[in-house]
Amino acid sequence: MDPAVIGGRSVYRAFFEYMSQEFVPTTMPLWVWFVGCTFALIMQCGWIILTAPLWTGLTNCLSASLKGEPSFPITSRWRDIWHQCYKPSLHDKSQDLNRLLIFCAFVLVLPAAIFIPVCTLTVNGFPVPNLLFICSLLVGATLMLILPLATQGYFSAVKASVRLLGEGLLLPALIPIFFLSGGRNLRSFFTQIYTLSPLTDGAAYVLAGGAICVVGVLNYDEGSDESDYDSTCLPLTGIDKGVWLLTSDCIKVCWLTLAVDIMWPTSLAMPMVVPGAALMSQWFGQCVESVGLWICKMGIAALLLAGVRLVVVSSTRMMQIKIGTVFLLGVLAWQMAYTYTP
Amino acid sequence: MVFVGLGGLSAFTGVNIACVLPILRKPFNIQCDLLRSGLWGIVALLSFLGALFQCQGGLTWLPIFGADGLTWSMLLVLAIAGGGICSHREALACVFLGLGFLMSSPLLFGLLAGTALSLLPGKGWKALCLPFAVLPACIPVDSLLSVFLLCLTIVQTGWAILDQRGTTSVVPVCIGIFLLSRILVEYGYLPLTIQITLLMCCGCVAVGGCFWAFYAQDIEEILCGVVMAWYGCVVSDLLLSLVSTLEGADIFGIAFRLGLGPCFLGLLVLLAVAQWQSSGAYILFKRFFVALGMFQGSVLPSSGGFLMIWSNLEAIGASMTKVKPALAFILLLLATFQCIVITCMTFGLLRVILALLYQNKQETPVKEERFYDRQISFWGCIGGSILFLFLPQIWLFITRPIIAGSMPISPFSWDKNLFVITLPYRETYLIPIVFCLLVGGGFWGVMRLVSLFLWDNRQEESLRIMPLWKQAAPFVEIREKKHDICLDASGVLPMSVALDFLLGGCLGGRRFIILGLSHGDRLFIRYCRYSLVILRTMRSIIFRSGLWCDRQGVAWILLLLGVGLFIGLFSST
């Protein structure tokens, strides 16, 4: 092998080992591995961004059929976003801050969409954040989405401030679940709970997943009366509003994906330590299977969300219930795990 | 070593002269300010060098001076704050405190710090009360009163922050941290009940700060509330690292030092910028400073606030091993409380940043005053906060004498781990620079893509400006109204009302504000003076809590269910 390749390998290896502080076990040329893995992560991010509006469309459809109302097709949300992006923007100079906030929110969702496992655990060598990191990203992005509403003043500001405070306080409410994950990164956390039975020693993690699911599900979003109010009062037009809608969908899908991953980690494919040809094809098969399972899981989540929309509770009360339930479920889950591993 | 010591002393003398002598000020006002800022800059530089090279005992050849490592890092913070101070009285307080740090005798330190504390409010009964905060420095550690006086120190230094405006808020913070870190080291270990009492005092300070950040109407008052909340949070870390026997005591020390680093420097920038009214070319600078200060104090990943939450959680996670379940649960509640405080700090900062942005829209001519001489401290803070965020090991190295623990990596050995925060006995680590670069690159990429595919052909159409509610109406040009938003933050982000809504109205909405929280400690005095008011308030609280319980039926059922399950789980093991 010529020295340049060896040099290149050592540089790549040093880079990845430095980034992730762990050994990169692979037998294939490292650049192939690097390009392949990066491509896979970007594909996953793109997959979440593409499917999030479809999922919201599905939820709207289900919700409408449960209520007995006529419904739009599943792709209606995507069409709406597309339409907003190509609508002439009635942009006021004073709304530059709003535009900045919305795009920051979108950019903050991207790492979350990259690192939350959809079909497989992230392969070794890539830096993987922990649960606190991902949740802070999602909470931060949500706050940035609500801020344009809160800066309008008058009654809208009060309502939006309640939402802002409630969404911000979700981070402290999730603290017991962070302790449950033990500060480990997502890969080692999922590896640890991979083989646990959901009925006995893994029950605590199912409960924790339920708590995170509550964060994603207990929301007033598009389609309900409250959020119609939100989207009509939103001081955004054109592409800003398009990105706002897309980001809010992505945030919901990220929360729910994280929740179902923690509830049922076995549905994810586990990357092998030393890839060989046979093992590789097996892993790809598992990945395809996991994507199918993910679609099923998100379908169930959509049904759940559509059911939640039938409940008539004011948004403030919804926020109170959400924070209380998340914290309570988290404490219970932590307690159950504590009895198993004191 | 001698150079640093002598340089520090001479710079101090210079600052003193520049503050005190009015002859210098009258004819050459600008030059005097510049001189003072420059001297503070020199003090900051020298203390940085002193901390970096561990100049311990550099001044021992003078009988009353004795500088150890802790002194230099505290002087560094004080000098950065001193550059942004306007009035002579405040500057004098800073100088006194700086000299106090250099003293070897605790009595002399107490004298100088007490003088500084009484100088801060200037007059009134508060100036009489505040010097009592330094009493623990003057009595022996084994005295019966010492724990009580420590509580008094925590509460009084927290209380002293509220009166300050601008960077002067740093003076009580420095006094509190310096005093507590010196005295608590002498204790070594305190019983659990005393630990909890001290922690409750910290909690009171933090909660007071959060309320202040939500209810205050003025930008500087909100910022004081934020600093007070931060102080409560950081002091609780200091306590746990020095007097507890928990497994994670070392990590609490790191959490304390990280809290004192990027997050505090970011807050310092905001404190300085809030006092500075500007227009024209400097607005961009101001926005940059404000945005960075906001980021450093927020919960967004990799910022200073996030580092605080992360390290606190790691410390408490490490402490939870090998303790009784009840204690583990208390630790869990403590972690939640600290996280709530930092989240509330973020909301306080949001109020500040929005108020500052609205303030810029005012069209009244603003005097372009004192920009040049304060730039040194602005850039110092900004540069410091960015440097210490991206190279956290340097900050940990500088502040290592505060709490003895694991030895950080020396910045002189150029190691890749300088970028990484690692914690003792834990597998976890954090590399802030990687995430910041990732998000920065992502932002650039997204904006580039959007401008390529979506914005360019829409530029001209977006020129038609009109408010949102008139979108469907025929286009009528109306002269734009001037923004009549006043300097304060009363109309911006009504978090107080939101908190009241979220707690089910138990705070009593506007009445709570009128009663006096927005007017400082008047609430306390009034309650003490009129016992009838106390009785009436107690009764109203009982009625209101009864009503609240009545209204929260669902929540109570959930809570009781949870408590039942929780107790069941405890008893089953």
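The area buried between chain A and chain B is about 6500 Å², and carbon and sulfur atoms give 78% of that area. The model is predicted. The contact joins 74 residues of chain A to 80 residues of chain B.

**The interface between chains A and B**

- The size of an interface is often given as the accessible area lost when the parts come together.
- Between chain A and chain B, the count of salt bridges is zero.
- One residue pair, with both residues at pLDDT 80 or more, is in polar contact between chain A and chain B.
- Helix α14 of chain A (residues 315-340) supplies 15 residues, the largest share of the side of chain A that touches chain B.
- By class, that side of chain A consists of 48 nonpolar, 21 polar and five charged residues.

**Helix α11 of chain B**

- Helix α11 of chain B covers residues 219-243, and its 25 residues should span 36 Å at 1.5 Å a residue.
- The end C-alpha atoms of α11(B) are 36 Å apart, which agrees with that expectation.
- Of the 25 residues of α11(B), 25 are buried, so this helix is largely enclosed by the rest of the structure.

- Most residues other than glycine have a negative phi.
- B:S302 is not a glycine, yet has a positive phi of about 75°.
- B:S302 is found in the loop between α13 (282-297) and α14 (304-319) of chain B, and counts as buried because its relative accessibility is 0%.
- B:K322, also not a glycine, has a positive phi of about 60°.
- B:K322 lies in the loop between α14 and α15 (325-360) of chain B, and is exposed, with a relative accessible area of 73%.

How values were computed. Residues numbered from 1 in each chain as written. Chains lettered and ligands numbered in written order. Predicted model: local features only at pLDDT ≥ 70, side-chain atom pairs only at ≥ 80, totals over all residues. Heavy atoms only, no water. Contact = heavy atoms within 4.5 Å. Buried area = accessible area lost by both parts, 1.4 Å probe. Salt bridge = Lys/Arg side-chain N within 4 Å of Asp/Glu carboxyl O. Polar contact = N/O pair within 3.5 Å; in protein donor to acceptor, adjacent residues only side chain to side chain. Helix = DSSP H or I, 4+ residues; strand = E, 2+ residues; numbered from the N terminus. Nonpolar A, V, L, I, M, F, W, Y, C, P; charged D, E, K, R; others polar. Expected span 1.5 Å × (residues − 1). Buried < 20%, exposed > 50% of the residue type's maximum accessible area, 1.4 Å probe, protein only.
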